[in-house]
Amino acid sequence: MEFTLTAAGSDELRINHQLPADFNGHRLPCHLPTEIKAAFGSLLYQNVKGKGFEIWFSNYHIREKMVVTARAETPVLELHIQFLNGFESNWDGLGAKLLQAYQYNISYTPYLANEVTFNPGKNYQTFDVHFDLPYLQKLAQFYPALDRFLQKVTTGAAASLSEADRFLTPDMLRIINEVLRSPYRNGAALIFMEAKVVELLLLVLDDLSQKNPLAPVKLSPYDIEQLHEVKRLAIADFENPLTIMQLARKVGINDYKLKKGFKYLFGTTIFEYVNNMRMEKARLLLLETDKPIVDIAYLIGFEHESNFNKAFKKHFGYTAAYLRRRR
């Protein structure tokens, strides 16, 4: 997709079509990289082209507050996922909104014309999947909400599938992380990612088709800041986990708002979030260290290896011993 980019200092842009030598983030297989550097920071894009879709995994490292304006004549039909940190965005036809971390929606604009405001001293990540219209049309018969949305698309009208942006579910987050940590680095990687895109899309359409989505919770900026602190505290010490009441007292909000607000803001309960993080920590320890399984179980808060093995298999569908052998 050819586009023009305008920002303060953009007349001094340095464009490089390879990942920086010191880049230590996720590297998608079979990707086409583009790095844009300027005084305000850097923009790093990894683009993977599949059959009927493209994945865009973007990293923004911002040193100075800036507004980036992007323009292109190409229509954009995409699943947009705000992954790390939120920013203000204003799309022609869709209006202005604050995109929060882990929110998503499917939207269409007949051309690209948006303005994004970045705050300084932050890193941002987005994970977007752009679709060809026929790719989504084959699913419209199963999802009336998608069918109504695509009828607007065929008329060239800007639209979003959901009136309100939704939060990723744990299963959606798992699939995205599987793509980012793809075990394949050759031609099989594209087959793997095509399967994951289908899996992710079906979960998204199921979620967006719900008649009674999770009701919004009134959260002040202070509440949102404290709920992010809850995320940090909840996984700070797996061996000595805090209770809901302990977390509520530490961050200064009541337990009701903590539970409801956490679910609304992050799309999962505190228990599910902690369990997902424990299992992911265990998976990485199994792959990247030689620690015995019994030690890994203890490190993430299990007193007995047998309980850990049951929980690990329930979460991933295979045993810890199997993963250790296969690494």
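Q: In this predicted model, what makes up the lining of the largest cavity by class?
A: Its lining has 18 nonpolar, eleven polar and four charged residues. Tyr60 and Trp91 lie among the lining residues closest to the centre, and both count as nonpolar because Tyr and Trp belong to that class. Glu78 and Asp128, also among the closest to the centre, count as charged because Glu and Asp do.

Q: Why is the space of about 570 Å³ called a cavity?
A: A 1.4 Å probe fits there but cannot get out, so the name is cavity and not pocket.

Q: What makes Lys231 the charged residue in the lining of the second largest cavity?
A: That lining includes Lys231, Tyr102, Leu168 and Asn276, and by class it has seven nonpolar, three polar and one charged residues.

Q: Why is the set of 42 residues called a nonpolar core?
A: Its members are buried residues of the listed kinds, joined through side-chain atoms within 4.5 Å, so the name applies. Ile55, Phe127 and Phe149 have the most contacts inside this largest core. Helix H4 (188-208) is one of the elements that each supply at least two of its residues, and H4 gives the most, nine.

Q: How do you know that Phe127 touches Leu200?
A: Contact means heavy atoms within 4.5 Å, so the two residues meet that cut-off. Phe127 also touches Ile55, Trp56 and Ile176, among others.

Note on methods: Residues numbered from 1 in each chain as written. Predicted model: local features only at pLDDT ≥ 70, side-chain atom pairs only at ≥ 80, totals over all residues. Heavy atoms only, no water. Buried < 20%, exposed > 50% of the residue type's maximum accessible area, 1.4 Å probe, protein only. Helix = DSSP H or I, 4+ residues; strand = E, 2+ residues; numbered from the N terminus. 1 Å grid on protein atoms, 1.4 Å probe; cavity = no way out; pocket = protein on both sides within 12 Å on 5 of 7 lines; lining within 4 Å. Lists of a residue's contacts leave out its neighbours within four places in sequence.
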